Amino acid sequence: MTEAAMKHAPEPMLAIRDLHAWYGESHVLHGIDLEVPAGQVITLLGRNGAGKSTTLKSIMGIVPRRRGSIRLAGVETIGLRPFHIARHGVAFCPEDRGIYATLDVREHLELPTRIDDSGLSTEQVLDLFPHLRERLHSPGTKLSGGEQQMLAIGRTLRTGARLLLLDEPTEGLAPSIVEHIGDTIRLLKAQGYTILLVEQNLHFAMSVADHFYLIDHGQVTARYDRKGIEQDADALLARLGV
Ligand SMILES: Nc1ncnc2c1ncn2[C@@H]1O[C@H](COP(=O)(O)OP(=O)(O)OP(=O)(O)O)[C@@H](O)[C@H]1O
């Protein structure tokens, strides 16, 4: 690309450079570099403990100590607090889904802070996940794992965020529900959302993602496009230990 073309290239939705993160004395990310272009689905793959969740949490600013650069649509956020980072249009679905016993489905959907008016209404979320409409007054923890995951994703869509960070959305779910989550991710992508996904299920990841990063010991050790991941899938499955 010429210098002039580079000047006019749009900033990626998310650009991470030389990201380090620590829990107390424990140094767990060792210079992560990654880019998430707007409108794409990117998956982080890696063994347990590799640093995938910590990468997502670092983007949200909820890791105690981090260093490097995390730019959201060109804006540096490494020094910002979580609330301010969220206002730049990013929302996080944690691995434990963050669903409460004391709130019912409707309350979970009415609780999120809206960053602007582009967030879905509760009705629009219920149209996307009709199962939830039938469970509107059920306490969050009485829902099945799949319903909890739909609620966790639905809650992020209420905020108006356009970059969604999903941590292992298919973990522990039955195949038909995994398929529904896959359909939802493809639909969100078609609607222009950008998604950064952590996933252990390689076949699921291959069915939704455009690009893949392999994380090992807090570093990116490989990058694949769709074609590359298909060619390397068997070796990768052995490497991931799944
Ligand atoms: N709150 C914490 N306090 C201390 N160490 C932590 C904490 N959370 C994670 N770690 C450690 O940081 C490293 C990276 O963990 P992380 O959860 O990011 O890995 P992961 O790739 O997401 O794997 P998993 O699927 O097991 O969550 C691991 O060694 C883990 O034990």
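Visitor: What should I keep in mind about the model and its numbering?

Guide: The model is predicted, so local features need pLDDT of at least 70 and side-chain atom pairs count only at pLDDT 80 or more, while totals for chains, interfaces and linings use all residues. Residues are numbered from 1 along each chain as its sequence is written.

Visitor: How do you know whether the radius of gyration agrees with a compact globule?

Guide: The radius is taken over C-alpha atoms, and the globule rule is 2.2 Å times the number of residues to the power 0.38. For 242 residues a compact globule would be near 18 Å, and the protein has 18 Å, so the two agree. Along the principal axes, the C-alpha atoms fill a box of roughly 50 × 40 × 40 Å.

Visitor: Which residues count as surrounding the ligand?

Guide: The shell consists of Tyr23, Ser26, Val28, Gly46, Asn48, Gly49, Ala50, Gly51, Lys52, Ser53 and Thr54. Strand E2 (26–36) and helix H2 (52–60) are the elements that give two or more residues, and H2 gives the most, with 3. Helices (H or I, at least four residues) and strands (E, at least two) are DSSP runs, numbered from the N terminus.

Visitor: How do the shell residues divide into nonpolar, polar and charged?

Guide: There are 3 nonpolar, 7 polar and 1 charged. Ala, Val, Leu, Ile, Met, Phe, Trp, Tyr, Cys and Pro count as nonpolar, Asp, Glu, Lys and Arg as charged, and the others, Gly among them, as polar.

Visitor: Why is glutamate 168 called buried?

Guide: Buried means that 20 or more other C-beta atoms lie within 10 Å of the residue's own, exposed means 12 or fewer, and partly exposed is in between, with C-beta atoms placed from the backbone. Glutamate 168 has 21 such atoms, so it is buried. Its place is in the loop between strand E7 (163–167) and helix H8 (175–190), and it has a positive phi of about 50° although it is not a glycine.

Visitor: What makes alanine 73 partly exposed?

Guide: Alanine 73 has 18 C-beta neighbours inside 10 Å, and therefore counts as partly exposed. This alanine also has a positive phi, about 45°, and sits in the loop between strand E4 (65–72) and strand E5 (75–76).

Visitor: Why does leucine 136 count as partly exposed?

Guide: Leucine 136 has 13 other C-beta atoms within 10 Å, so it is partly exposed. Leaving aside neighbours within four places in sequence, leucine 136 is in contact (C-beta atoms within 7 Å) with Asp104, Val105 and Arg106.

Conventions: Near = placed C-beta within 6 Å. Contact = placed C-beta atoms within 7 Å.
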